[in-house]
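Hello,

Here is the structure for your files. My notes follow below it.

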Amino acid sequence: MLSKIQPIARVICQNITGRFIHNPSARRTMKSGIRFSKTAKELPKVVASKDYSEPNSSWSQEMMKLYEQYIEKTKDGSWKKLPSYNRFLVLNEDGHFIDKFPPSKARLFTRNTEEEGSMFEYVVFANKVEKKAVGLFQSGDLLEGPSGFVHGGAIATIVDAVSGTLATYVAGFVMTASLNLDYKNPIPLGSTVIIECQLEKKEERKSYVNTRVISHDCTKLHTESTALFVSVNQKNPYQG
Ligand SMILES: CCCCCCCCCCCC(=O)SCCNC(=O)CCNC(=O)[C@H](O)C(C)(C)COP(=O)(O)OP(=O)(O)OC[C@H]1O[C@@H](n2cnc3c(N)ncnc32)[C@H](O)[C@@H]1OP(=O)(O)O
């Protein structure tokens, strides 16, 4: 049974971590730095095989238009579309589930529903040279705060997710140490906004990211944020 699961586990892992598990020095880091727990056959049936950042039928025209603009920018290699799964799963080549947490029903907060369009619809593009990331975010009905507008906690969540993705992309695994937000204008529920993140500076383990959330037509500033991410002792999942 395990021999059938191993190739599948490897593919899942490759999808998430690129060449991570096939780099011998990375494997050594993983072995020394992370606890091994359950085997692949004990994993729950739902695994992180679906890329939730692919367009679906709930995406608005504005969302699709921006998506296509950024896909165009990936063609010369300067920007990269980052995949997004419903858990942060890493499996080693023996099919072992490697994580600080055992397999469970846990889901990444921003990817915790299969109902398309109801919560966070988003995709992240990153530019390593410019140390920038752009998130395209369409809010669903279940994110309402004030009537007709997005909840401030949901805005904080998506800003944390996109700016944290940039920090992860440039610095490896990070934890959010601080996140400060200024809410300038409410975000209409259901609208599409652009989340622009810029790495301001990196000092040893500390990555400082500045973020602006603007309307899809770039006419309105909704939110500004500054965040500090601290690197923790794990390998960058985006690098081999
Ligand atoms: C592929 C898929 C990707 C997917 C990517 C998805 C991204 C998702 C992003 C979501 C991430 C989260 O939600 S994370 C969940 C929310 N965050 C947390 O729960 C974090 C809880 N806090 C912690 O675990 C810890 O405090 C840490 C890890 C942040 C730091 O602890 P530590 O490792 O012991 O380090 P420590 O020595 O304290 O701090 C290191 C340096 O940072 C500074 N520092 C630490 N905290 C702060 C702070 N709040 N404000 C200012 N500075 C601070 C210290 O002064 C020090 O500076 P110096 O002396 O070196 O100068």
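T165 lies in helix α4; helices here are DSSP runs of H or I with at least four residues, strands are runs of E with at least two, and both are numbered from the N terminus. At 17% relative accessibility, T165 counts as buried. Buried means under 20% relative accessible area, exposed means over 50%, and partly exposed is in between, with a 1.4 Å probe and protein chains only. The side chain of T165 has a polar atom 2.6 Å from the backbone oxygen of A161. T165 and L181 are 16 residues apart along the chain, and their C-alpha atoms are separated by 17 Å.

Some ground rules. This is a predicted model, where local features need pLDDT of at least 70, side-chain atom pairs count only at pLDDT 80 or more, and totals for chains, interfaces and linings use all residues. Residues are numbered from 1 along each chain as its sequence is written, and side-chain values use heavy atoms, with hydrogens and water left out.

Overall fold

The chain has 4 helices and 10 strands. Along the sequence they follow the pattern α-α-β-α-β-β-β-β-β-α-β-β-β-β. Of the 240 residues in the chain, 45% are buried.

One annotation comes from the record. The unreviewed UniProt entry carries "domain: Thioesterase" over residues 148-217. Its positions are given in the numbering used here, feature names are shortened, and annotations may be inferred rather than shown by experiment. In the model, residues 148-217 are 29% helix and 46% strand. The end C-alpha atoms of that stretch are 19 Å apart.

The ligand

The ligand is surrounded by 16 residues. The closest are D160, T176, A177, R205 and K206. By class, the shell holds 8 nonpolar, 5 polar and 3 charged residues. Ala, Val, Leu, Ile, Met, Phe, Trp, Tyr, Cys and Pro count as nonpolar, Asp, Glu, Lys and Arg as charged, and the others, Gly among them, as polar.

Which elements build the shell? α4 (152-171), β7 (174-183) and β10 (221-231) each supply at least two residues. α4 gives the largest share, 5 residues.

Now the polar pairs. A polar contact is a pair of N or O atoms within 3.5 Å; within protein, one must be able to donate a hydrogen and the other to accept it, and residues adjacent in sequence count only if both atoms are side-chain atoms. D160 places a polar side-chain atom 3.1 Å from an oxygen atom of the ligand. R205 has a polar side-chain atom 2.6 Å from a ligand oxygen. At T176, a polar backbone atom lies 3.0 Å from a nitrogen atom of the ligand. Taken alone, the ligand exposes 1200 Å², and the protein buries 48% of that. Accessible areas come from the Shrake-Rupley method with a 1.4 Å probe; for residues, only the protein chains shown count as cover.

Aromatic residues

The structure holds 6 aromatic pairs. Rings of Phe, Tyr and Trp (its six-membered ring) pair if their centres lie within 6.5 Å; planes under 30 degrees apart count as stacked, over 60 as edge-to-face and the rest as tilted. F109 and F120 have ring centres 6.0 Å apart and planes at 65 degrees, so the pair is edge-to-face. The pair links distant parts of the chain, 11 residues apart. F109 is in the loop between β4 (96-98) and β5 (120-127), and F120 is in strand β5. F120 is buried, at 4% relative accessibility. W59, Y67, Y70, W79 and F125 form one aromatic cluster.

Loops

N86 sits in the loop between β2 (80-82) and β3 (90-91). Is N86 buried or exposed? N86 is buried, with a relative accessible area of 2%. Its side chain makes a polar contact of 3.3 Å with the side chain of Y52.

The loop between β5 and β6 (132-139) holds K131. V129 is found in that loop too. V129 is exposed, at 75% relative accessible area. V129 and W79 are 50 residues apart in sequence and 9.0 Å apart in space, C-alpha to C-alpha. K131 is partly exposed, at 37% relative accessibility.

Most residues other than glycine have a negative phi. K131 has a positive phi, near 55 degrees. E204 also has a positive phi, near 50 degrees. E204 lies in the loop between β8 (192-203) and β9 (206-215) and counts as exposed, at 75% relative accessibility.

Best wishes

Notes. Near = heavy atom within 4 Å.
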